[in-house]
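Subject: Structure handover

Hello,

Here is the structure I promised to pass on. Please open it first, then read the notes below it.

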Amino acid sequence: MDPSFFTMGMWSIGAGAIGAAAVALLLANTDIFLSKPQEAALEYLEDIDLKTLEKEPRTFKAKELWEKNGAVIMAVRRPGCFLCREEAADLSSLKPKLDELGVPLYAVVKEQVRTEVRDFQPYFKGEIFLDEQKKFYGPQRRKMMFMGFVRLGVWYNFFRAWSGGFSGNLEGEGFILGGVFVVGPGKQGILLEHREKEFGDKVNPDSVLEAARRIKPQTSASEKK
């Protein structure tokens, strides 16, 4: 066999492999293969069972969180994740203004692993509850697996959080994507629904505050008279 022919064949295979890898990398950095979120209906959120994190937990319907004054709720992907801690700190920076509006700030987690929730608390200034059925991560639960680590946006988010002084660990489930909701009281509905599309895709705090300002607190029957 002519050595030059063999060399040319190997070069062609190598070039083809590099080309295929380049195309795969390009596609991974588009939204083509990302699972599309399904918007949550108010009735869906209202019926979610949540638990308090006390020694003797209380189970209650999620609508209790917003039925009087509305609420801002973060569905945390993983409490130990430094990207989630960064977003929690951003939301917590809004708390003085949310307090002025009378709008509470809450978070839900999908599991309770060792001290992860307690270690998350310094970054998040609201109450935290357990969503064992992971319904705040639905109705269509979405995951980002290892494709996330070839997305340039994710690496940018890593650098942003790291340069901001945030750190974390690898404890717990971190592939089911989270989000942030602003829900009005009563039947006012969902005023903002941000679904994380990739690791570190955090909500815009200004959008959260704008939605919170649209909340109309419920007035009791005695106040109406």
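A salt bridge here is a side-chain nitrogen of Lys or Arg within 4 Å of a carboxyl oxygen of Asp or Glu. Keep in mind that this is a predicted model.

Salt bridges

By this rule the chain has 14 salt bridges. One of them pairs Glu 173 with Lys 110, and their closest N and O atoms are 2.9 Å apart. Glu 173 sits in the loop between H6 and S6, and Lys 110 in the loop between S4 and helix H5 (116-120), so the pair ties together parts 63 residues apart in sequence. Lys 110 has a relative accessible area of 5%. Buried means under 20%, so Lys 110 counts as buried.

Glu 196 pairs with Arg 77, with 3.2 Å between the closest N and O atoms. This pair also links distant parts of the chain, 119 residues apart. Glu 196 is in the loop between S7 and helix H7 (205-213), and Arg 77 is in the loop between S3 and H3. Are these two partners buried or exposed? Glu 196 is buried, at 6% relative accessible area. Arg 77 is buried as well, at 5%.

Asp 99 and Lys 95 make a local pair. Their closest N and O atoms are 3.1 Å apart. Both residues lie in helix H4 (residues 95-101), four residues apart, or about one turn of the helix. Asp 99 is partly exposed at 45% relative accessible area. Lys 95 is partly exposed at 24%.

There is also a network. Salt bridges with shared partners join Glu 86, Asp 90, Arg 160 and Lys 202.

The chain as a whole

The chain holds eight helices and seven strands. It has 225 residues, and 41% of them count as buried. Take the contacts with a separation of 6 or more: 73% of them are between residues 24 or more positions apart. The chain exposes about 12600 Å², with carbon and sulfur atoms supplying 58% of that area.

Strands

Start with strand S4 (residues 105-109). Five of its five residues are buried. Both faces are covered: Leu 105, Ala 107 and Val 109 are on one side, Tyr 106 and Val 108 on the other. S4 pairs with strand S3 (residues 71-75) in the parallel sense, over four bridges. Ile 73 stands opposite Tyr 106 there. S4 also pairs with strand S5 (residues 127-130), again parallel and over four bridges. Here Val 108 stands opposite Phe 129.

Strands S6 (residues 179-183) and S7 (residues 190-195) run antiparallel, joined by five bridges. Val 183 stands opposite Ile 190. Six residues lie between the two strands of this hairpin, and Gly 186 takes a positive phi near 60 degrees.

Helix H3 (residues 82-92) is mostly covered, with eight of its 11 residues buried. Among them are Leu 83, Ala 88 and Leu 91, and also the charged residues Arg 85, Glu 86 and Glu 87.

Now look at the surface. Met 145, Phe 146, Phe 149 and Trp 155 form a nonpolar patch there. Together they have about 450 Å² of accessible area. Trp 155 belongs to helix H6 (residues 152-163). Trp 155 is partly exposed, with a relative accessible area of 47%.

Over to you.

Note on methods. Residues numbered from 1 in each chain as written. Predicted model: local features only at pLDDT ≥ 70, side-chain atom pairs only at ≥ 80, totals over all residues. Heavy atoms only, no water. Patch = residues over 30% accessible without salt bridge, like charges linked within 9 Å, V, L, I, M, F, W, Y side chains within 5 Å. Areas by Shrake-Rupley, 256 points an atom, 1.4 Å probe, with all protein chains shown as cover. Buried < 20%, exposed > 50% of the residue type's maximum accessible area, 1.4 Å probe, protein only. Pairing = 2+ DSSP bridges. Contact = heavy atoms within 4.5 Å.
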